[in-house]
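Open the structure in your viewer and keep the selection tool at hand. The stops below are meant to be taken in order.

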Amino acid sequence: MKIRFLQRTIVQCQLSLMLVFASFSGVQAGVYNIRDFGAKGDGIHLDSPAINLAIEEAASKGGGTIYFPAGTYMSYSIRLKSNITLWLESGCELIAAYPGEQDGYDEAEPNEHDQFQDFGHSHWKNSLIWGIGLENITLCGQGIINGRGLTREESRLPGVGNKAISLKLCRNITIKDLTLLNCGHFALLATGVDNMTLHNLWVDTNRDGFDIDCCRNVRISDCSVNSPWDDAIVLKSSYALGFFRDTENITITNCYVSGYDKGSVYNGTFERDEPQAPDQGFVTGRIKLGTESSGGFKNITISNCIFERCRGLALETVDGGHLEDILINNITMRDIVNAPLFLRLGSRLRSPEGTPVGHIRRVTISNLNVYNADSRYSCIISGIPGHPIEDVVLSNIRIQFRGGGMAADAALDPPENEQLYPEPWMFGTIPASGFFIRHAGNIELNNIRLSYQQPDYRPSLWIKDAREIRLINYQGHVREGVSPYYLQNVENFKSE
């Protein structure tokens, strides 16, 4: 009896292995090997026609897995369908081809609302991989997506692609385990996507890493994103869909973001030769909410993340959206090139006419450790006249600034610049060495410790037009002849 059972078990295992090998060759229903549809994988021939043929075949039968065996596949636009998995095997590299004189990427579709956000955020088809109005999509495997032939500029030329992956109005999306390199303007643009998981992705690119725009229920975990010329992980809420839609219910956890030279994190050299991004500021590579903010940002958590050689954390709403119920915890930063914390409520209002100014409220940031931060901009919490940032708690924060602020800097009163694009340098050098707080209410700074590599002759706190400001165990520097606080039009200031 035992021998028969063993023989039956061996036969079942053999059948299972046969089915697995058959699936890789495209024989088993549901798995489609792109080589069976004419893909060469030699890095010379264009393989996107074969890839799209495999997708069409799978979609006609209700869906399936499109299998990319080891090889180098040159491609223009890959058009996703519902219920499709793209599986890039280890040793597979999908490369965005350079546009030819007659061939190229799918043309950017018209969008009558493109005046409310940049060109790149307003179109999806001009991409290496794209899908609109789909569901149940997975991109996975140990392979590489290389956007070598994508432009990092917002080119409007027919046949030019500027995104590696773009999705619009899709749901139930999983992208995991892949490496994405040189991805043009976006490694991923997801607009109006619900229920999306991004997990264990390695991204080393030239502009934005992940743009999560007007999305709901998104989980980003265990990802490394190096993006020296733009943001690494950025949440947005543009008007690209033609209606207001909040970005909400988002978790970002266990991620590493940086602004080292492009490609040098992927190859392990961590080079620092290029100091600037295209906006002429120092390298970017951060986590940010904004700038596109016609809709709002709600119910968002960011935890257990590392920032290195990049800009600091930015929470911005300037186009009318409401930014509220944000929880940020356990963040460490090194070599930060501007403000470690930047909270900005503005009135750029790049939204349909009549859109009112939004608000920022109920933000909690705790357990933040920062080493070697640029001192010119300190940390900034700045609303605009009549529209304060409210209900912010900062606790258990330790920041070591470079210092160097001069006594003359303490006399500065930065311009409001209500309609400018939000970056810390919009105010020029800040008159505070620690925190600049203006147009704000109900702000608590609890267990804050600041230190400086060089002497700084500005007050630790500069506060104007604010109310209900509470300091609990606030340890700013005390330097002879320098007042620790500058207060103007501040109601109910308490220090314990």
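Predicted model: local features only at pLDDT ≥ 70, side-chain atom pairs only at ≥ 80, totals over all residues.

**The largest pocket**

Begin by selecting Asp118, His185, Arg207, Asp230 and Tyr421, the residues closest to the centre of the largest pocket. The volume of this pocket is about 360 Å³, and 26 residues line it. Colour the lining by class: 17 of its residues are charged, five are polar and four are nonpolar.

Which strand gives the most to this lining? Select residues 287-293, which form strand 23; four residues of the lining come from there. While strand 23 is selected, look at Thr291, which lies in this strand. The peptide bond that leads from Gly290 to Thr291 is cis, and its omega is near 5°.

**Helix 2**

Next select residues 48-60, which make up helix 2. From the first C-alpha to the last, the 13 residues of this helix reach 18 Å, close to the 18 Å expected at 1.5 Å a residue. Now pick out the buried residues of helix 2: Ser48, Ala50, Ile51, Asn52, Ala54, Ile55 and Ala58. As background to such a pattern, an α-helix has 3.6 residues a turn, so residues three or four places apart point the same way.

Stay with Ile51, which is found in helix 2. Is Ile51 buried or exposed? Ile51 counts as buried because its relative accessibility is 0%, and the cut-off for buried is under 20%. Leaving out residues up to four places away in sequence, Ile51 touches Ile34, Phe68, Ser75, Ile78 and Leu94. Draw a distance from Ile51 to Asp36 as well: their C-alpha atoms are 9.9 Å apart, and the two residues are 15 apart in sequence.

Move on past the end of the helix. Gly62 follows helix 2 and has a positive phi, near 95°.

In soluble globular proteins, nonpolar side chains tend to be buried together. Here, select Leu86, Phe210 and Ile212, which have the most contacts inside the largest nonpolar core, a set of 111 residues.

Return to Ile212 and show its surroundings. Beyond its neighbours within four places in sequence, Ile212 is in contact with Leu188, Ala190, Met196, Leu198, Val218, Ile220, Val234, Leu235, Lys236 and Thr247.

**From strand 30 to strand 31**

Select the loop between strand 30 (389-401) and strand 31, where Ala408 has its place. Ala408 counts as exposed because its relative accessible area is 58%, and exposed means over 50%. Ala408 and Tyr457 are 49 residues apart in sequence, yet 8.4 Å apart in space, C-alpha to C-alpha.

Asn417 is found in the loop between strand 30 and strand 31 too. Asn417 is not a glycine, although its phi is positive, about 50°. With a relative accessible area of 25%, Asn417 is partly exposed.

Finish in strand 31, where His439 lies. What is the phi of His439? The value is near 55°, which is positive in a residue other than glycine. His439 is buried, with a relative accessible area of 5%.

Methods. Residues numbered from 1 in each chain as written. Heavy atoms only, no water. 1 Å grid on protein atoms, 1.4 Å probe; cavity = no way out; pocket = protein on both sides within 12 Å on 5 of 7 lines; lining within 4 Å. Points joined across faces, edges and corners; volume = space filled by probe spheres on them. Helix = DSSP H or I, 4+ residues; strand = E, 2+ residues; numbered from the N terminus. Nonpolar A, V, L, I, M, F, W, Y, C, P; charged D, E, K, R; others polar. Expected span 1.5 Å × (residues − 1). Buried < 20%, exposed > 50% of the residue type's maximum accessible area, 1.4 Å probe, protein only. Core = buried A, V, L, I, M, F, W, Y, C linked by side-chain atoms within 4.5 Å. Contact = heavy atoms within 4.5 Å.
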